[in-house]
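Have a look at it first, then read on.

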Amino acid sequence: MSQASSPRLFPQAEFLRDGRHNGPRIAGAGSHSIIDCFECGFRHALPLPDPAALEEEYRQNYYADEKPSFIAHAGEDQDWFVLAQTDRLEAFERRLGAGRRRLLDIGCGPGFFLKTAIARGWQAHGIEPSRQAAAHARSLGAAVTEDFFNAQSAPALGRFDAVNLTNVLEHVPNPIDVLTRAIGLIEPGGVLCVGVPNDFSPFQIAARGALGIGEWWVAPPHHLNYFDFDSLAALLGRLGVADQERTTSFPMEAFLMMGENYTDDPALGRACHDRRKRFDFAMELAGLKEVRRNFYRALAGQGIGREAVIIATKPQAT
Ligand SMILES: [Zn+2]
């Protein structure tokens, strides 16, 4: 592909190619570049690690060093997380109708989403490679497969009415393979929910300019893929599931735009996080659950919000 075919958004961008991946270089960190890949249709890092090598790295180094405080920290926001978990489960239930309540949460972590689902009558299954997190999810009543979600583990999981992936796709070297496998486990007419960080979003771009800082959200090799609503929806469409509903969580970048630079200040970051929790709780206490839901749907419609969450449906068999 020639330089001339680069999109006009990046007229000066260096054009990179690595195997089938090719596109303008839009950011970088350390030894990685981020390209807006023409082949994949979303932004991702180059070079990409080999999937098997990355799994081994996680097994050897990441999960081996888990600290006992990990689960405690993961649970301390659960009184707030339950709001978004309930939003999501109610959306699944509306689309599925009665009697279809088999849920798979891929990368379920300590199992708090599964716990909320079980309390609503779901049959909940998780798959999670961290031993400590998997054990915690089991203690909450979920069936948990302790493994990575890959070609070997996926076929044994069974079939589901709903499959959820929260904060998974940004980490994996081949999100197209992961989504294809996940969709393969969904019954016809079932739902897929994908949540990822909403990156290169309008508020991030505005905050970067206002504060004169770099792209703080670019974090390879921990984050390899950088989706937004449109690139995620386009990918789901290519894989045969229809984008039905978009939502998000509070646009944390608004704090940056108002001058509170939490990107290099973890204590300020925690304070801003506490404020957005209070924002959500205030509406809940006032009985404005539907207003909160519509507010986040409206932001999502403008490409704004910290996360890009899409609920899609698998077509009925014909
Ligand atoms: Zn690519």
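## Before you start

This is a predicted model, so local features need pLDDT of at least 70 and side-chain atom pairs count only at pLDDT 80 or more, while totals for chains, interfaces and linings use all residues. Residues are numbered from 1 along each chain as its sequence is written, and side-chain values use heavy atoms, with hydrogens and water left out.

## The zinc site

Which residues hold the zinc ion? His21 (ND1), Cys37 (SG), Cys40 (SG) and His44 (NE2) coordinate the zinc ion, at 2.1 to 2.3 Å. Donors here are N, O and S atoms within 2.8 Å of the metal (3.2 Å for Na, K and Ca); water is not among the atoms, so sites may look incomplete. Along the sequence, the donor residues follow the spacing H-x15-C-x2-C-x3-H.

The four donor atoms make angles of 97 to 125 degrees, and the site is tetrahedral (four donors, all angles between 85 and 135 degrees). For comparison, the ideal angle for four tetrahedral donors is 109.5 degrees. Cys40 and His44 are both buried (under 20% relative accessible area, with a 1.4 Å probe and protein chains only).

## A five-stranded sheet

Next up is an open sheet with the strand order E1-E2-E3-E4-E10 and antiparallel pairing. Strands are DSSP runs of at least two residues, helices (H or I) of at least four, numbered from the N terminus; two strands pair if DSSP finds at least two bridges between them. Strand E1 (15-18) and strand E10 (225-226) are at the edges with a single partner strand each, so one side of each has no neighbour in the sheet.

Strand E2 (residues 21-29) pairs with strand E3 (residues 32-36) over four bridges, in the antiparallel sense. Ala27 sits opposite Ile34 in E3.

## The nonpolar cores

The largest nonpolar core has 39 residues, and Phe149, Leu165, Leu169, Leu192, Val194 and Leu236 touch the most other members. Such a core is a set of buried Ala, Val, Leu, Ile, Met, Phe, Trp, Tyr and Cys residues joined through side-chain atoms within 4.5 Å. Among the elements giving two or more residues to this core are strand E9 (186-197) and helix H8 (229-238). Another core, of 20 residues, lies apart from it and includes Leu89, Phe92, Leu96 and Val309.

## A closer look at Thr313

Note on methods:
Four donors count as tetrahedral if all angles lie between 85 and 135 degrees; four count as square planar and six as octahedral if opposite donors are over 155 degrees apart and all others between 65 and 115; anything else is irregular. Buried means under 20% relative accessible area, exposed over 50%, partly exposed in between (1.4 Å probe, protein chains only).
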